[in-house]
Amino acid sequence: MFESAMASLARVEQPIGIRAEVSLADSDTCKFTVSRNLHPGGPFFLANREQAAGSPLGERLFALGGLSSVLIAGNVVTVSKAPAAAWPGLKAAVGAAIRTQLLSGVPSMRGAPGAIGMPVRSDAELGAAVQELLDREVNRAVANHGGKIS
C-alpha cells in the first residue's frame, strides 16, 4: 500500500506535457498529445454535449463552448471546433481543461468502451466498415492511378 501511494505521489509531481497541433487537412480540428494516458480503455467519440454527459473530461471540454466533437484515445484528445470559434484562445482553454482533469485524480471517462460514444463492434463489423470506407474514399482515387486497395 505504501509503495502504491508513493508511486501515485511521484506521478502527480511529474509535469504534464501537452502539445497541440491544428490539422493541416481540417483547420477546425486540433490534436492534443498528452504526456500521460487519459483513458486506457479504447477510444471514445463524443459527437456532442449530450454524449459527454457523465464523462468528466468530455463534460469539461464541452463546457468551454465552441467545440463540436471530441475524440479521446489513450494519450490523445482530438477536438473539432465550430467554424465560428477561433483556436488561439480555445487551444489554451482545452489544454488547461485536460491538465485540470488529470490533476483532479478523477478518471477522464466513465464506463467501458461503447457505454457512451460509439458502440463496440465485432471484428467482422469493423472489417466491413473499413472495406466500405476504402471503397468509398480511397479506391476511387487509387483507381485513377491503376490500383486498388482491399
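This passage describes strand β5 and its pairing, the residue Ser80 within that strand, and the residue Ala93 in a helix.

The structure is a predicted model, in which local features need pLDDT of at least 70 and side-chain atom pairs count only at pLDDT 80 or more, while totals for chains, interfaces and linings use all residues. Residues are numbered from 1 along each chain as its sequence is written, and side-chain values use heavy atoms, with hydrogens and water left out.

Strand β5 spans residues 76-81, where strands (E, at least two residues) and helices (H or I, at least four) are DSSP runs numbered from the N terminus. Strand β4 (residues 67-74) runs antiparallel to β5 and is joined to β5 by six bridges, two strands being taken as paired if DSSP finds at least two bridges between them. Val70 stands opposite Val79 of β5, and a hairpin of one residue connects β4 to β5. Strand β2 (residues 29-34) is likewise antiparallel to β5, with five bridges between them, and Thr33 has Val76 as its bridge partner in β5.

Beyond its neighbours within four places in sequence, Ser80 is in contact (heavy atoms within 4.5 Å) with Asp28, Thr29, Gly66, Leu67, Ser68 and Ser69.

Ala93 belongs to helix α4 (residues 87-104) and, at 26% relative accessibility, is partly exposed. The C-alpha atom of Ala93 lies 7.3 Å from that of Leu64, a residue 29 positions away along the chain.

Terms used:
Buried < 20%, exposed > 50% of the residue type's maximum accessible area, 1.4 Å probe, protein only.
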